[in-house]
Each structure stands twice: as structure tokens, then as C-alpha cells.
Amino acid sequence: MKRYAAILTVSLLPCLAAMTQIDKNKAQGNPMAPVKIEVFSDFTCPHCKHFHEEMLPLLMKDYVVPGKVYIIDRAFQLPHEFSREAFAFAIAAARIGKYQPVADALYAKQENWYTNGNIWSVVAGALPSAADQKKVQELSKDPGVLAEIDAESHEGASDGINQTPTLVVTVGGRTYPLPPAPDYRLLKSMIDGLLPK
Amino acid sequence: MYWTALVLRVIVGAVFAYAGYVKLRQPWALFAMGIDSYHILPYNLVVLTARTLPAAEVAIGIWLLIGVWPRIPATVVSLLLLVFFSAMVHAELAGQKIDCGCFGTGDPISKWTLLRDGALLAASLFVTWQAFRRSPKKS
């Protein structure tokens, strides 16, 4: 019996190694949902804004709220001068459980800070409490936060992702990287086809 | 010439059947998203193509492999490859960073994929030319 357990453990090691660290503060839905969708995006990317504001609400209504899909935001830093700073504030906000309001604000006012670089005013506007603002400012300089941006971007690049937003769908151990910005009707068909009958 | 045509026919047929098989093993909507990323076809045609093309590729690829009445499958394969290659060149020239969708996902259009599909198209055209040049028995 011990031998079978040892064989099972050894055979599962590659799977365990492949499992990525998930920042639960950047995730929405039931972690036990049958379908997992990772969204590799960048706050400076207009298509990501479109995804966040147009497609994500539909996904939330149709699949995340009913517990069918677990959706996780992933950083994929593009070569834009304000990209890293925006991620630093967003991930810092995630550390105090305020990721979604900050992400919403960054996308809503993307056209402003994208050009003038005044990211903090947008982030501060999404955090009513002065204490939260102070924490986020401090955490945004934390090496762990900056390392998370690098780690997620590197992970995306090593998975062959080269543009944003890229959705990676995982179900039953199989992973499907989707073409960027898919049509919602096709995404819906795919998820419906993957969900257990 | 006969043996060259025979070898190329087997290669093109096998590659075509394999490409369809790989797509059939994936969700059809994934292939549909790949087609849609070219921004060439309207939604309904994207769905129709994604639903039917993989099975057709397998069938035509096997037909070409078997070699019965080779003019028909060779012509169909050549026409399809011409369409695929044109779409890929168009996407490359337009600067679209998309997957070619040739063998499922994870195959971005590059000089390598263009060279590969271009070579396949050239081989297919040669096979078609040979099929029409020779009598059906000899082909």
C-alpha cells in the first residue's frame, strides 16, 4: 500500500510543480468551480479595458456568480512607462483586499493616467479610507509586490502569451490558451461545452 | 516524377488528416476563436467553418492518402491550402499577432509557419498537377 502511495505521490509531483501560485485577492468566484479562467492583462491595454468593462460583467453574471467559473486576474506587464506602477498599486491594493475597486478605477480612467501618469490620484479615489491609502502606498514599494508582477508576467511569457488580454481556460487538468479578445458568444459556447453535463 | 508525386501525396494527405484530427480533439469553439481572430469571416460562417472543417480535413486527407480518384481530393486540398496560406499572409502583412490555427492553438503566425504552409501548398499543387497529368490509374 505504501508503495502505491509513493508511486502516486511521485507521479503527481509534475502536476504539483505545474500548479501556479494564485493570489486569491485577485480572484473571483468559487475556487472549487469546474472551470478556471486566468486573465493575463495589463492596465494600460485598451483591449483589456474593453474586456474588463464589457465581457467580464457577462462572465460574472453567467458563470462566476452561479459558481461555474473561477476567474483570476494575472499581471502581464507590457512595455509601457506606467504599466509597472499601475500593477504595483493594484497588487498592493489586493494585499488589503481592495483589488477590484482599484482595478475598476484604473480601467475606468485609463485614458487619463495612461497619458499623464497620475496613477495615484485614480487609485486614491478608489480607496475612501486614508488608512487604506497609506497601506497601499507603502505596499506598492514592497519587493514582494514587485516580484509578483515579474513572476506572473514571466509565467505568461513562458506559456507563450505575447499579447493582452489572453484568457487561459483550465478544466479537468487540461489547459486551453484562447486567442486574444475572443467573441463572447464563442467563449460562452466553449465554457458551456466544457462544463460537466 | 511518379514516386515524387506519390511521396508528396502521402505527406500532404497525412498532414491534412492530422491537422483535422488535432482540431477535432479540441473544443470546436476554440478553433472558432482562432478563425475569428483573422477578422475575415462573419460570425455565422466562423461557426459553420469551425464545426465542419476539421472533419472535412480528416476525410479529404485520408482520401488523398488512399489515392482513389486523386484529382478530387488533391484539388480540394490545394484550394483549401491556398485559402489558408492567403489568410496567413494577409494577417502577417497586417501585423496581426495571431495563431495560425493550423494544428490547434499555440502556433503563432511567423516566417516559419508561412514557410511550412507555403511548402505544403507547393507540394499539394504539384500533386494536383500530377493527378491531372497522369491517368487516374497511374496516379
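In this predicted model, chain B is built from five helices and zero strands, and when the chain is read along its sequence the elements follow the pattern α-α-α-α-α. The radius of gyration of chain B is 15 Å, which is close to the 14 Å that the globule rule gives for 139 residues, so chain B is as compact as a globular protein of that length. Along its principal axes, the C-alpha trace of chain B spans about 40 × 25 × 20 Å. Of the 139 residues in chain B, 38% count as buried. Among the contacts in chain B that link residues at least 6 apart in sequence, 68% join residues at least 24 apart.

One residue of chain B may be considered individually. B:Trp69 is placed in the loop that runs between helix 3 (43-66) and helix 4 (71-93) of chain B. B:Trp69 has 12 other C-beta atoms within 10 Å, and because a residue with 12 or fewer such atoms is classed as exposed, B:Trp69 is exposed. Although B:Trp69 and B:Ala131 are 62 residues apart in sequence, the distance between them in space is 8.6 Å, taken from C-alpha to C-alpha.

Attention now turns to a pair of helices in chain A. Two packed helices are described by the angle between their axes and the distance between the axes. Helix 4 (residues 99-108) of chain A packs with helix 6 (residues 119-126) of chain A at an angle of about 135 degrees, and the two axes are 8 Å apart. Helix 4 of chain A and helix 6 of chain A are therefore oblique to each other, and their crossing is right-handed. On the side of helix 4 of chain A, the residues that meet helix 6 of chain A are A:Pro101, A:Val102, A:Asp104, A:Ala105 and A:Leu106, while helix 6 of chain A contributes A:Val122, A:Val123, A:Gly125 and A:Ala126. The residues of this contact between helix 4 and helix 6 of chain A divide into seven nonpolar, one polar and one charged.

The contact between the two chains takes 15 residues from chain A and 14 residues from chain B. On the side of chain A that touches chain B, the elements that give two or more residues are strand 5 (174-177) and helix 9 (184-194) of chain A. Helix 9 of chain A gives the most to this side, with six residues. By residue type, the side of chain A that touches chain B divides into eight nonpolar, five polar and two charged residues.

Terms used:
Residues are numbered from 1 along each chain as its sequence is written. Chains are lettered from A and ligands numbered from 1 in the order in which they are written. This is a predicted model: local features need pLDDT of at least 70, side-chain atom pairs count only at pLDDT 80 or more; totals for chains, interfaces and linings use all residues. Helices (H or I, at least four residues) and strands (E, at least two) are DSSP runs, numbered from the N terminus. The radius of gyration is taken over C-alpha atoms; the globule rule is 2.2 Å times the number of residues to the power 0.38. A residue is buried if 20 or more other C-beta atoms lie within 10 Å of its own, exposed if 12 or fewer, and partly exposed in between; C-beta atoms are placed from the backbone. Two residues are in contact if their C-beta atoms, placed from the backbone, lie within 7 Å. Axes are lines fitted to C-alpha atoms, for helices over the stretch in contact, and angles run from 0 to 180 degrees between N-to-C directions. Angles under 35 degrees count as roughly parallel, over 145 as roughly antiparallel, 65 to 115 as roughly perpendicular and the rest as oblique. A crossing is left-handed if the near helix is turned anticlockwise from the far one by less than a right angle, and right-handed if clockwise. Ala, Val, Leu, Ile, Met, Phe, Trp, Tyr, Cys and Pro count as nonpolar, Asp, Glu, Lys and Arg as charged, and the others, Gly among them, as polar.
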